[in-house]
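Please look over the protein shown here. The report below walks through its folds and contacts, part by part.

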Amino acid sequence: MTGGRVGELERALRGVVRGQVEWDAGARAVMTMDASNYRTVPRAVVAPLDAEDVAAALEVCRENGVPVTARGGGTSIAGQALGTGVVMDFTRHMNRLLDIDPGARTARVQPGLVLDELRRAAAPHGLTFGPDPSTHSRCTLGGMIGNNACGSHSVAWGTTADNVRALDVLTYRGEAVRLGGPAGASPAMPDRLRDGLARLVDGNLALLRTGFPQLPRRISGYALDRLLPEHGRDVARAFTGSEGTLGLLTEATVALVPAPAARALAVLGYADESAAAQAAHLLLPWRPLTVEGMAADLVGEAAAAGLPRGGAWLFVETGGDGPAEALARAREICRTADGVTGHAVVADPAGQRALWRIREDAAGTATRMPDGTEAWPGWEDCAVPPARLGAYLRDFRALLAGHGLRGAPYGHFGDGCVHVRIDFDLVDPAGVARFRRFSEAAADLVVSHGGSLSGEHGDGRARAELLPKMYGPDVIALFSDFKDLWDPDGRMNPGTLVRPDSIDSNLRFAALPSAGSGPVDVEFTYPGDGGDFVAAVRRCVGVAKCRTSAAVGDGGSAVMCPSFRVTGEERHSTRGRARLLHEMLAGEVVTDGWRSPEVKEALDLCLSCKGCRSDCPVEVDMATYKAEFLHHHYRRRLRPRAHYSMGWLPVWLKIAQRVARPLNFLGRVRSTAWVVKRIAGIANQRELPELAAETFTRWWDTDDTNGGSRVSVGASSDAGSSGAGSRGAGSSGAGSSGAGSSGAGSRGAGSSGVASPGASSPGVAAVDGASEVGGRTVVLWPDTFTEHLSPEVGKAAVRVLRAAGLRVTLPPAAVCCGLTWVSTGQLDRARTVMLRTLDRLAPVLDAGLPLVVLEPSCAAALRTDLPELLGPRDPRAAVLAASVRTFAEALEEYAPGWDPPRLDRTAVGQTHCHQQAVLGDAADRRLRERAGLTGELTGGCCGLAGNFGFEAGHYEVSAACAQEALLPALRAAGPDAAVLADGFSCRTQIAHLGDGPPARHLAEVLADALDDDAVASAPNG
């Protein structure tokens, strides 16, 4: 369309649509991709308010000849949620549960309703919706109906099509159609459609009865055989799975099923994948709820260690009216199953959730091969008759090898459905050509086994071109007739299913800079992506776990993405921001590069909570990408006031400390505080934090019990310093290292990537001011917040560490992790600060002493930001990262025999988001348990997140984040509960927004309970 025509279309849509009509580059950019390999650029995005809005938008599109594509959660792996015309986003307004009828076991839903929200509403009635894709926390009912989604429980409850009772649809020509439901329901089907369908069916009875393979997961093509008289001429069933090519869904009535009162999980080990696949269908007579299969090449060593012996496993879930019945069924399956190499029964719900998370995250984790090579969908989810699955997988593995490709199959083995990500090279033309050759051969293989090209995700752009191999020309012609009957203008989701685009067109990687154009010049080293920022952005495959609607779901807390949960805007999700960065690099929609206002706006509400680093299955690290973007965006430009005030906070606090008392007084005067906040870019709703009258290090240097001890410049160690190893999520970091140092380890979720420095060499450092050195020595990190704003935390930590028998000392000079400069994208300054810190810590690193860091955000910066910014060019960075310990980790590792004082109280509060995402909190949980502190701390993000919640314009989002889980938990706590928050930001947020007692660091609570005599007899620094 010409610019004038585009303007006319925009004005016409805005004139009739009461919801949003978005034409800007940012709105279009976030809709260019879904979870597939494909990319198209829409002309506009419409978020309709209701069915009337949908009808009005369709009329405008019809008058202008513009295609329309429906979009829910955008989790499609085959590319059905992409369009070049108007994309209808149903998630913003048409996302309500309209009604639940427990007696009829049905629910009326709008298309944008997320599946988990329906399941939560149905649970009090003992009901659930049977189909449950692994994306259940963010996929929508409309998307499930469009793709005929299935999920792991289809062996018990069938596909979405099996659970649809009625559909309200609008065709492109504006006809309102009711499919299914009670006879005589309004609106009835138009005569044109009714008569046309009758002619299509009655004229092709033989073809409809013989042209469709019979298997439980036949998702490919249109289900025209359901229109046969013997199947009740079920038009609703035939419409389900039509991938938005026939009309737009505005409402659906779906069936609910009784949820088992209890579940158990039998895990069966087999020698290899084919053996597991061959055995899966033999378990169906026991009527399990699920039969899922995974092989060792996907599970990984750490997870496999907790599974029965074998090279592949079947996860077989059973249900019952109570735990005993579910457990008995699981044990019976284990007892009678043939060919197993080992088995286990998991009755504990938490243990079951941990295993299911491996399976549910596979769509993301499978995108990386064990050696780090990228893997992609494209041949994602075919299905064969379950009895043939073992033979098919053997042939499929051989086909992969024959094409020089690798993949890790997994999936719904009980239904014969296999998912796989394959290491296609979709960037290089030769790799794309191999992708086509393999896909054509794989389609032939599936058909030879009597299977379906799609067993769950639909055909979309990924497989529709290959459908003639499965159905033959006569059925394909029938598909065209069916499509043309519903959509004679051919404008509903064109390029999908009928007259499809080729499988190797519109690949999303083609828009990115090629390897031949050289790497993008960036500051961070991106060790997990070979230093390539383009590859880092490519990490986001679009599975959209960041769009989960609740912070706390099955299995615990989710940190990411707090701003999305507040705004509901795609551009404020991790995926949306990654898409904008992708388009920034592509330069077609977002054209200003690093100066892009669209990317800046989306990143402005990123809290840099680092949640995506652990919660995202592929470890997209948006906090790092944001820092990188801000660095380039403001290079040689004036920055926001908050970047100068809070970005340089360590400098200003050091200067202000000299006049702390008068500044604190002025900060309490409303008019003066308003001026200060205005100048500094601070939200007026925030209170200015008070400076401590005496800094922590001044107290340390002058207090007689400390002796002013510092690590001396001439310190040395026989132990050397340890390198950065790899550590699983939640590990305490216990262990020891020998001499020498090694490189940085993996960036696993929740992993610290550290080994234990000098753990076996107590007393190796010289300490200024101490005449005798003995016992285990730890170096307490005087972070900016502890130093200037909450020195009481540092004092408490010293008391506790000494009571545990540790010798405490401080670095020889002032140090800083550089966090505030990183979070505001001032990376040149951050690097200068970090290098200075490394120089000043030389004796600590040489001595192999552990650094105990009380502030979680500073500990996370030292473990991740510092080594990833400085990189291998300064090997000291990895050594420093390896030396960092949290307060709880230090006590567990270096004083394992110490018993903390018993508090025997309930604990509430906040686990810092950086702690969850980078450090892990297992050691903290164990320390609280040993101290008799029961209960759970809130997960997610408190909403303050360092400078974010202080910045002008962020207060409302910041407060809404706190209202999601933290503040309700505090309000529900008893009066005697200990309110804990190790992060200064979390404590500040609770002080600003809470109405109960102040939050305290765990060290403070433990220190208050210590016996003074025990502290007095402890070793001095």
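In what sense do β13 and strand β16 pair, and over how many bridges? The pairing is antiparallel, and two bridges make it. Keep in mind that this is a predicted model.

## Overall picture

The protein holds 45 helices and 27 strands. It has 1021 residues, and 62% of them are buried. Take the contacts between residues at least 6 apart in sequence: 74% of them join residues at least 24 apart.

Strand β13 covers residues 290-295. Six of its six residues are buried, and the strand is mostly covered. T290, E292 and M294 point one way from β13. V291, G293 and A295 point the other way. Both sets are buried.

β13 also pairs with strand β14 (residues 312-320). This pairing is antiparallel and runs over six bridges. Within it, E292 stands opposite F315 of β14. Strand β16 spans residues 410-411. There, G411 is the bridge partner of G293. Strands of a sheet pair through backbone hydrogen bonds, either parallel or antiparallel.

## A four-stranded sheet

An open sheet is formed by four strands, in the order β1-β2-β4-β3. Its pairing is mixed. Which strands sit at the edges? They are β1 (20-22) and β3 (68-71), each pairing on one side only. On average, neighbouring strands of this sheet are turned by 20° against each other, direction ignored.

β1 and strand β2 (residues 44-47) run antiparallel, joined by three bridges. Q20 stands opposite A47 of β2. Helix α3 (residues 51-64) lies across β2, β3 and β4 (86-89). Its direction is at about 175° to β4.

## Nonpolar cores

The largest nonpolar core has 107 residues. Which of them touch the most other members? They are L314 and W379. Helix α19 (residues 467-486) gives the most to this core, with nine residues.

## Helices α34 and α36

Helix α34 (residues 827-840) packs against helix α36 (residues 856-870) at an angle of about 105°. The axes are 10 Å apart. Angles of 65 to 115 degrees count as roughly perpendicular, so α34 is roughly perpendicular to α36.

From α34, the contact is made by L827, A830, R831, M834, L835 and L838. From α36, it is made by D865, L866, L869 and L870. Eight of the contact residues are nonpolar, none is polar and two are charged.

An α-helix has 3.6 residues a turn, so residues three or four places apart point the same way.

Is helix α43 (residues 984-993) largely enclosed or largely open? Seven of its ten residues are buried, so the helix is largely enclosed by the rest of the structure. The buried ones are F984, S985, C986, R987, T988, Q989 and I990. Their cover includes α31, α32 (791-803), β25 (905-910), α41 (955-964), α42 (966-972) and β27 (978-981).

H788 is in helix α31 (residues 784-788). Its relative accessible area is 8%. Buried means under 20%, so H788 is buried. Leaving out residues up to four places away in sequence, H788 touches L653, K654, Q657, E690, L691, A692 and T695.

## Backbone details to check

The peptide bond from M560 to C561 is cis, with omega near -10°. C561 lies in the loop between β18 (556-557) and α21 (562-567).

Which residue in the loop between α9 (235-239) and β10 (248-255) deserves a look? It is E243. Phi of E243 is near 60°, a positive value in a residue other than glycine. E243 is buried, with a relative accessible area of 3%. K610 has a positive phi too, of about 65°, although it is not a glycine. K610 lies in the loop between α23 (597-604) and α24 (611-615). At 4% relative accessibility, K610 counts as buried.

Methods:
Residues are numbered from 1 along each chain as its sequence is written. This is a predicted model: local features need pLDDT of at least 70, side-chain atom pairs count only at pLDDT 80 or more; totals for chains, interfaces and linings use all residues. Side-chain values use heavy atoms; hydrogens and water are left out. Axes are lines fitted to C-alpha atoms, for helices over the stretch in contact, and angles run from 0 to 180 degrees between N-to-C directions. Angles under 35 degrees count as roughly parallel, over 145 as roughly antiparallel, 65 to 115 as roughly perpendicular and the rest as oblique. Contact means heavy atoms within 4.5 Å. Ala, Val, Leu, Ile, Met, Phe, Trp, Tyr, Cys and Pro count as nonpolar, Asp, Glu, Lys and Arg as charged, and the others, Gly among them, as polar. A nonpolar core is a set of buried Ala, Val, Leu, Ile, Met, Phe, Trp, Tyr and Cys residues joined through side-chain atoms within 4.5 Å. Buried means under 20% relative accessible area, exposed over 50%, partly exposed in between (1.4 Å probe, protein chains only). Two strands pair if DSSP finds at least two bridges between them.
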